Amino acid sequence: MAEVGVKAEAGVKTESVGTVVVAGAANLAIAVAKLIAGLISGSAAMLSEAAHSIADTTTEVLLYQALRRGARPADTRHPFGYGKESYVWAFFAAMFTFVAGAGFAVTHGVTTILVHQHSGDYLVSYIVLGVSFVIESISLARAVRQVRRESRRWKTTPRRFLRLTADTTVKAVFLEDSAALIGLLLAGLGVGLSEATGDEVWDGVASILIGLLLLTVAGILASNNLSLLVGRAVPERLRRVIEQEMAGLPEVERIDTLLTMQLGPDDILVAAKVDFRDEATGAAIEATADEAERRLTGRFPEIRYVFLDPTRSLPGACGQARNTQAGPSPDAGGAPDPT
């Protein structure tokens with residue numbers, strides 16, 4: 001079972017890389033087209049969309065770096081591996097979107113509203129927006145397929161998977177491609193209203209709305225990556241499944257303390273203080289600890305480290321864990337819930 005899990009995990013990593021590469025290539029082509037259209041037409045919304053796509057392209061490069069750097073094996077200086085480094089690069093990606101994409105879109109939109117200047121033909125803007133919408137839809141479709149496949153693997157809904165997943169790359173691509181499609185609609189609406197009314201204020205308003213959309217996406221991704229960098233527990237229901245697996249072992253009296261941490265997109269640490277039965281021998285405790293690790297890693301290949309600490313029974317203790325992590329907040333991420 002563990003071998004199957006490793007193969008499935010390797011497939012997920014390959015798929016994540018493919019999703020990022022496809023999104024990056026699409027954004028680069030779109031950015032060039034939007035920039036040319038924006039310079040020809042003079043549309044603030046088109047130039048903001050160009051900045052949007054340039055920011056997304058840079059983001060994909062940083063996300064690719066996150067996947068590559070975070071996948072490095074553990075060594076003596078980093079015994080738990082480099083999984084958390086992927087969150088550093090993903091955080092940089094969110095910050096670039098915040099500063100470069102959103103900042104340019106908002107400031108350029110305000111300038112357009114104040115100056116009311118527009119030069120060039122509207123037609124080129126419509127053509128580029130239409131082509132960009134098709135390309136972005138293809139990129140988003142790939143991200144959606146991965147989200148659905150992963151949500152089925154974890155036996156949860158796609159929405160819950162996106163909310164709780166520790167794979168920030170697929171989450172970033174999905175959100176950015178979704179925001180890109182919404183941004184294209186906003187740009188098209190702004191350009192269309194400006195042409196219909198002869199008032200460039202609509203073009204500027206569309207540019208500002210695109211900037212605010214980017215701010216929202218960047219804020220969500222930055223907050224998610226910061227939480228993972230600090231050291232976030234797995235979702236509550238997954239923690240309960242881990243506790244049940246360990247408590248079901250024959251020599252285990254109760255789980256006194258259970259702590260978990262997301263070390264990376266595919267790396268989970270489990271540490272527990274375990275009250276073994278009084279009559280259990282040292283050999284039985286060792287065998288039980290090995291069995292606990294086999295059970296957990298067999299069911300969840302993402303669990304890489306399991307540490308058990310035998311602890312003395314407390315007066316009046318019975319059955320369940322006394323000191324465990326509280327469940328995450330509703331907007332918290334982490335490994336998706338398996339149930």
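Predicted model: local features only at pLDDT ≥ 70, side-chain atom pairs only at ≥ 80, totals over all residues.
Biologist: How much of the chain is made up of buried residues?
Modeller: A residue is called buried when its relative accessible area is under 20%. The chain has 339 residues, and the buried share of them is 48%.

Biologist: And what share of the accessible surface belongs to carbon and sulfur atoms?
Modeller: The accessible surface of the chain comes to about 15,400 Å². The part of that surface belonging to carbon and sulfur atoms is 64%.

Biologist: Among contacts between residues at least 6 apart in sequence, what percentage join residues at least 24 apart?
Modeller: A contact here means heavy atoms within 4.5 Å. Of the contacts between residues at least 6 apart in sequence, the share joining residues at least 24 apart is 80%.

Biologist: Now for some single residues. Is Lys155 buried or exposed?
Modeller: Lys155 sits in the loop between α4 (123-153) and α5 (158-164). It is not a glycine, yet Lys155 has a positive phi of about 55°. The cut-off for exposed is over 50%. Lys155 has a relative accessibility of 63%, so it counts as exposed.

Biologist: Which residue's side chain makes a polar contact with the side chain of Arg254?
Modeller: First find Arg254 in strand β1 (residues 252-264). At 5% relative accessibility, Arg254 counts as buried. At a distance of 3.1 Å, its side chain makes a polar contact with the side chain of Asp256.

Biologist: How far apart in space are Thr107 and Gly204, C-alpha to C-alpha?
Modeller: Along the sequence, these two residues are 97 residues apart. In space, the C-alpha to C-alpha distance between Thr107 and Gly204 is 9.4 Å.

Biologist: On to the aromatic rings! Is the pair of Trp89 and Phe92 stacked or edge-to-face?
Modeller: The structure holds 4 aromatic pairs. For Trp89 and Phe92, the ring centres are 5.8 Å apart and the planes are at 85°. Planes over 60 degrees apart are the criterion here, so this pair is edge-to-face.

Biologist: Which helix holds both Trp89 and Phe92?
Modeller: Trp89 is partly exposed at 22% relative accessible area, and Phe92 is partly exposed at 42%. The two are 3 residues apart, about one turn of the helix, and both lie in helix α3.

Biologist: What is the angle between the planes of Trp154 and Phe300?
Modeller: This pair links distant parts of the chain, 146 residues apart. Trp154 lies in the loop between α4 and α5, and Phe300 in the loop between α9 (282-299) and β3 (303-310). Both Trp154 and Phe300 are buried. Their rings are stacked, 6.3 Å centre to centre, and the angle between the planes is 5°.

Technical notes: Residues numbered from 1 in each chain as written. Heavy atoms only, no water. Helix = DSSP H or I, 4+ residues; strand = E, 2+ residues; numbered from the N terminus. Buried < 20%, exposed > 50% of the residue type's maximum accessible area, 1.4 Å probe, protein only. Polar contact = N/O pair within 3.5 Å; in protein donor to acceptor, adjacent residues only side chain to side chain. Areas by Shrake-Rupley, 256 points an atom, 1.4 Å probe, with all protein chains shown as cover. Phe/Tyr/Trp six-rings, centres within 6.5 Å; stacked < 30°, edge-to-face > 60°.
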